[in-house]
Amino acid sequence: MRRRMLSFLLLLSLLFTCGFKADKIDTDYITIEKYKGLDIEILKVEQVTDETVEESVQSVLGANMAKSTIDDRNAQEGDYVIIDFTGMIDGVALEDMTGSDMPLQLGSGVTIPGFEDAIEGHGTGEKFEFDLAFPDPYKMDPDRSGVEAHWIVTIKEIYTMEKPEFTDAFVKDVLQIEGVNTAQEYRDYARDIMQRNIDFNTDNEQKQLVWKALEEQVTYKGYPEDKVQEMVDDNIAIYQSMANQQNITLDEYVEQYYGMSLSEVRLDLAENSKAKLKQQMVFEAIAEAENIVVDDAYVKENADTFAQEYGFNDKADMMSIYSEEDIRYAMLQDKVLDFVLANSKNMKGETGLNTMVGPLPLWGILGGSVLLVIIIITILATSVGRKRKKADEKRRKLREDMANKSGESETSDKETEETDTAEEAD
């Protein structure tokens, strides 16, 4: 009975221990120590605010300002002017100080201090002169720091740039965005575009954090050389096609565009292929272990959404650039990264097991039922302890009786042996 009990406890212990090692993956080329319960920072997705939406509105208005020519007053701060100008040092006009038809907003501060102030108060068609030294120091040309210069300026035009009102008519007639006809519809449209951009960038950053945490658990033991060679040959075939189109040899093509010999290009492509295979081997190993698949039905159902998340209009638009094999692999990569994140330490409780996809394997059930295992072990241990205590009491009483019976040592020894045998049976 004791041996059966010990064997049962050992089996429970073995199953329980294996539960925390079952997510280790070991293949011919990689070892993944674990991919569940990783410590991954969970990024917070920021939400687009009303202020950000209004900034977008103002930006649109700023890009569609209307020009209004001023001909009834002189130039003032904030106005735009078109000028011809000549700058002279010691009476000599210098080419880099001369310009024509230059637009300038007065008060913008893009010229040397005092230049724009000197233009204010003058009217369209007016030609005037003034002396103005370069600032000291003058970082753009230290040799001219503090140097006096004489300037001749002609104002050819004065005008203002005014923002239009953000009305339904402006949205419909000027912006002309399909399906967006009112000011509110544009605000909703802008919010959606900006939020999707934030979501995409956050998701991309989150996936990078997941991969970084996952890669720390990976040991690379080698690469499938046939696959590396296949990837290199595929790229060389593309280069050969490009060379044929230009009527040059492959060696000439790689030398012209990459500055390397063909052998050097092959070595470079091999290293790039290995870098790509690193991720591919990890993703495919986890996908196989967790039965994560991207089949035809999944691609058909999710391709358009997947394409839009990555900035394409739909699947057809995406497939104009990428092959279906590339798209299928990218979808698998996304599913694996999402799985690892969902099962990370910081996502759900201690291990994230409650977010696992599909049925839990045996080790997961045991690992998730720690309390039940402890209770079973405690009950069994208590039962064994009670039997041992009862046997000890029987042995002590029997030996006391034997001590009171002098001269009956042989009989006592026999009874003791029988008692021990009975205890073993219990």
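**Ground rules**

Let's start with a term: a residue is called buried when its relative accessible area is under 20%, exposed when that is over 50%, and partly exposed in between, using a 1.4 Å probe and protein chains only. By that rule Asp-101, at 45%, is partly exposed.

The model you're looking at is predicted, so local features need pLDDT of at least 70 and side-chain atom pairs count only at pLDDT 80 or more, while totals for chains, interfaces and linings use all residues. Residues are numbered from 1 along each chain as its sequence is written, and side-chain values use heavy atoms, with hydrogens and water left out.

**A hairpin to find**

Helices (H or I, at least four residues) and strands (E, at least two) are DSSP runs, numbered from the N terminus. Take strand 4 (residues 80-89) and strand 5 (residues 92-105): they pair in the antiparallel sense over eight bridges. Two strands count as paired if DSSP finds at least two bridges between them. Which residue in strand 5 is the bridge partner of Tyr-80? Look for Gln-105.

This hairpin has two residues between its strands, and Asp-90 takes a positive phi near 55° there. Asp-90 isn't a glycine, despite that positive phi. With 76% relative accessibility, Asp-90 counts as exposed.

In soluble globular proteins, nonpolar side chains tend to be buried together. A nonpolar core here is a set of buried Ala, Val, Leu, Ile, Met, Phe, Trp, Tyr and Cys residues joined through side-chain atoms within 4.5 Å. The largest one has 49 residues, and Ile-32, Leu-214 and Ile-286 touch the most other members. Among the elements that each supply at least two residues of this core are strand 2 (30-32), helix 5 (183-215) and helix 11 (324-342). Helix 8 gives the largest share of this core, 11 residues.

Zoom in on Ile-286. Not counting residues up to four places away in sequence, Ile-286 touches Ile-25, Ile-32, Tyr-35, Leu-214, Val-336 and Val-340; contact means heavy atoms within 4.5 Å.

A salt bridge is a side-chain nitrogen of Lys or Arg within 4 Å of a carboxyl oxygen of Asp or Glu. The count by this rule is 18 salt bridges. In one of them, the side chains of Glu-157 and Lys-67 meet at 3.1 Å, N to O. Glu-157 sits in strand 7 (residues 150-162) and Lys-67 in strand 3 (residues 66-69), so this pair ties together parts 90 residues apart in sequence. Glu-157 is partly exposed, at 21% relative accessible area, and Lys-67 is partly exposed as well, at 48%.

Next, find Arg-144 and Asp-96, whose side chains meet in a salt bridge at 3.0 Å, N to O. Arg-144 lies in the loop between strand 6 (127-131) and strand 7, and Asp-96 in strand 5, so the pair ties together parts 48 residues apart in sequence. Is Arg-144 buried or exposed? At 15% relative accessibility, Arg-144 counts as buried, whereas Asp-96 counts as exposed at 57%. Then there's the salt bridge of Asp-101 and Lys-156, 2.5 Å from N to O. Lys-156 is partly exposed at 40%, and a network of salt bridges links Asp-84, Asp-101 and Lys-156.

**The largest pocket**

Rolling a probe the size of a water molecule over the atoms shows where empty space is left. On a 1 Å grid over the protein atoms alone, a pocket is an open set of points where a 1.4 Å probe fits, with protein on both sides within 12 Å along at least five of seven lines; lining residues have an atom within 4 Å of a point. About 1,200 Å³ of space lies in the largest pocket. It has 44 lining residues, and the closest to its centre are Lys-276, Gln-280, Asp-326, Tyr-329 and Ala-330. Helix 8 gives the most to this lining, with 11 residues.

Asp-136 and Pro-137 are joined by a cis peptide bond, with omega about 10°. Pro-137 is in the loop between strand 6 and strand 7.

Gln-176, a residue other than glycine, has a positive phi near 50°. Its place is the loop between helix 4 (168-175) and helix 5. Gln-176 is exposed, with a relative accessible area of 61%.

Notes:
Points joined across faces, edges and corners; volume = space filled by probe spheres on them.
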